Amino acid sequence: MKVWVDSDRCRGHGVCVALCPDVFELNDDGYAEARNPVVPSEYIDAVVDAVDACPEHAIVTE
Ligand code: SF4
């Protein structure tokens with residue numbers, strides 16, 4: 001799985017970071033970014049939870 005955050009949609013709520021801090025972080029502007037676009041298999045379930053929980057539908061996976 002690959003993941004990234006659509007910077008046009010992200011509003012910096014941080015839900016993704018709370019659910020999966022090993023994959024997501026807030027940048028200096030307060031918006032989320034994926035630490036690495038390739039998701040380690042052990043974090044896939046948490047990333048799916050973050051996708052479902054993001055209020056802006058800003059998390060994209062492939
Ligand atoms: S939960 Fe969604 S809107 Fe909030 S910081 Fe994460 S990607 Fe951005």
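Colleague: How much space lies in the largest cavity?

Modeller: About 100 Å³ lies in the largest cavity. A cavity is a set of points, on a 1 Å grid over the protein atoms alone, where a 1.4 Å probe fits but cannot get out. Grid points are joined across faces, edges and corners, and the volume is the space filled by probe spheres set on the points. The structure holds one cavity of 30 Å³ or more. Keep in mind that this is a predicted model: local features need pLDDT of at least 70, side-chain atom pairs count only at pLDDT 80 or more, and totals for chains, interfaces and linings use all residues. Residues are numbered from 1 along each chain as its sequence is written, and side-chain values use heavy atoms, with hydrogens and water left out.

Colleague: Which residues lie nearest the centre of that cavity?

Modeller: Lining residues have an atom within 4 Å of a point. Here there are 14 of them, and Cys10, His13, Gly14, Cys16 and Cys54 lie nearest the centre. By class, the lining has ten nonpolar, three polar and one charged residues. For that count, Ala, Val, Leu, Ile, Met, Phe, Trp, Tyr, Cys and Pro are nonpolar, Asp, Glu, Lys and Arg are charged, and the others, Gly among them, are polar.

Colleague: What pattern does the protein chain follow along the sequence?

Modeller: Helices (H or I, at least four residues) and strands (E, at least two) are DSSP runs, numbered from the N terminus. This chain has two helices and four strands, in the order β-α-β-β-α-β. Its radius of gyration is 10 Å, close to the 11 Å that the globule rule gives for 62 residues, so the chain is as compact as a globular protein of that length. That radius is taken over C-alpha atoms, and the rule is 2.2 Å times the number of residues to the power 0.38.

Colleague: What share of the contacts joins residues 24 or more positions apart?

Modeller: Contact means heavy atoms within 4.5 Å. Among contacts with a separation of 6 or more, such pairs account for 58%. Take valine 5, in strand S1 (residues 3-5): leaving aside residues up to four places away in sequence, valine 5 touches Cys10, Phe24, Ala32, Glu33, Ala34 and Ala58.

Colleague: Is valine 5 buried or exposed?

Modeller: Buried means under 20% relative accessible area, exposed over 50%, and partly exposed in between (1.4 Å probe, protein chains only). Valine 5 is buried, at 15%, and 26% of the 62 residues in the chain count as buried. Valine 48, found in helix H2, is partly exposed at 35%.

Colleague: How many salt bridges does a search of the whole structure find?

Modeller: Side chains of opposite charge can pair when their charged atoms come close. The criterion is a side-chain nitrogen of Lys or Arg within 4 Å of a carboxyl oxygen of Asp or Glu. The search finds one: arginine 35 with glutamate 25, their closest N and O atoms 3.1 Å apart. Arginine 35 sits in the loop between strand S3 (32-34) and helix H2 (44-53), and glutamate 25 in strand S2 (residues 24-26). Both partners are partly exposed, arginine 35 at 48% and glutamate 25 at 27%.

Colleague: What is phi of histidine 57 near?

Modeller: Most residues other than glycine have a negative phi. Histidine 57 has a positive value, near 50°. This residue lies in the loop between H2 and strand S4 (59-61) and is exposed, at 58% relative accessibility.

Note on methods: 1 Å grid on protein atoms, 1.4 Å probe; cavity = no way out; pocket = protein on both sides within 12 Å on 5 of 7 lines; lining within 4 Å.
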